[in-house]
Amino acid sequence: MPLEKWLIKFKKTISPPTKPSVVIKRSKIGVFAFKVAGIMPKLTHIWRFVSDENIDHLRNQSICLEGVSKVVSNKDGLLMGLACGEIIENLKVLAVTVSRVSKRCEDSSLRSFEPVFGVFANTGHNPYGWVLNIKDMEAKNIKKMERYVAATDMLYKAMDELTVIENSLKKSLHQQVVNTTKQQKLLVLDFWTFRVKST
């Protein structure tokens with residue numbers, strides 16, 4: 001069967017040669033990777049939202065809308081306070097999510113994210129160097145997160161495609177078994193029919 005030969009060849013190609021004497025510790029990619037990839041776009045969205053351009057847009061255009069002044073307030077300080085409060089609430093929700101995920105990390109310093117972040121949020125104490133300037137944040141972290149999210153998205157799509165291929169292969173193999181069984185039954189029936197006719 002060409003499909004079976006191809007799958008065997010494919011498996012040999014992607015399976016690395018193993019040496020029995022060497023134990024290789026491999027990273028596992030599981031649901032955890034998808035959870036982390038789901039948090040990262042939210043973090044990058046908040047980062048981009050608090051950029052100078054967006055804050056200027058918020059201050060000079062959004063809170064100056066007539067509907068906002070009629071429904072909420074016409075005091076700029078109050079409106080900016082409400083906007084900042086909403087950003088902080090979103091950041092707290094994200095911090096709780098990151099805290100939940102960090103408890104599953106192998107690194108013990110990452111598992112203690114919640115108390116360390118609480119100290120940072122309440123006092124501004126920054127022992128881990130979390131405060132970065134805009135250049136460092138854009139160059140190092142945001143681009144890294146976007147690459148990670150893109151790679152995880154590609155992995156998810158590949159896994160989805162693999163599931164489709166696997167299911168179609170199972171159906172094909174099942175159909176082959178059914179066809180083989182039918183052929184065997186027909187051969188047995190032909191054999192007995194031939195014997196009955198010849199006697």
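Modeller: Among the contacts in the chain with a separation of 6 or more, 59% are between residues 24 or more positions apart, where contact means heavy atoms within 4.5 Å. The model is predicted, so local features need pLDDT of at least 70 and side-chain atom pairs count only at pLDDT 80 or more, while totals for chains, interfaces and linings use all residues. Residues are numbered from 1 along each chain as its sequence is written, and side-chain values use heavy atoms, with hydrogens and water left out.

Colleague: What is the average pLDDT of the chain, and where is confidence lowest?

Modeller: The chain averages a pLDDT (the predictor's confidence in each residue, from 0 to 100) of 77, and 80% of the residues score at least 70. Confidence is lowest in helix H1 (residues 2-14), at a mean of 55, and highest in H5, at 85.

Colleague: How many helices and strands are there in the chain?

Modeller: The chain has 8 helices and 0 strands, these being DSSP runs numbered from the N terminus (helices are H or I with at least four residues, strands are E with at least two).

Colleague: Why does Ser102 count as buried?

Modeller: Buried means under 20% relative accessible area, exposed over 50%, and partly exposed in between (1.4 Å probe, protein chains only); Ser102 has 6% relative accessibility and therefore counts as buried. Ser102 lies in helix H5 and, not counting residues up to four places away in sequence, touches Leu110, Arg111 and Phe113.

Colleague: What makes a set of residues a nonpolar core, and which residues make up the largest one?

Modeller: A nonpolar core is a set of buried Ala, Val, Leu, Ile, Met, Phe, Trp, Tyr and Cys residues joined through side-chain atoms within 4.5 Å. The largest has 9 residues, namely Val36, Ile39, Met40, Ile46, Leu94, Val101, Met137, Ile142 and Met145. Helix H2 (31-49), helix H5 (76-102) and helix H8 (134-198) each give two or more residues to this core, and H2 provides the largest share, 4 residues. A second, separate core of 6 residues includes Leu58, Leu79, Met80 and Ala83.

Colleague: Which residues does Met40 contact, leaving aside its neighbours within four places in sequence?

Modeller: With those neighbours left aside, Met40 is in contact with Met145, Tyr148 and Val149.
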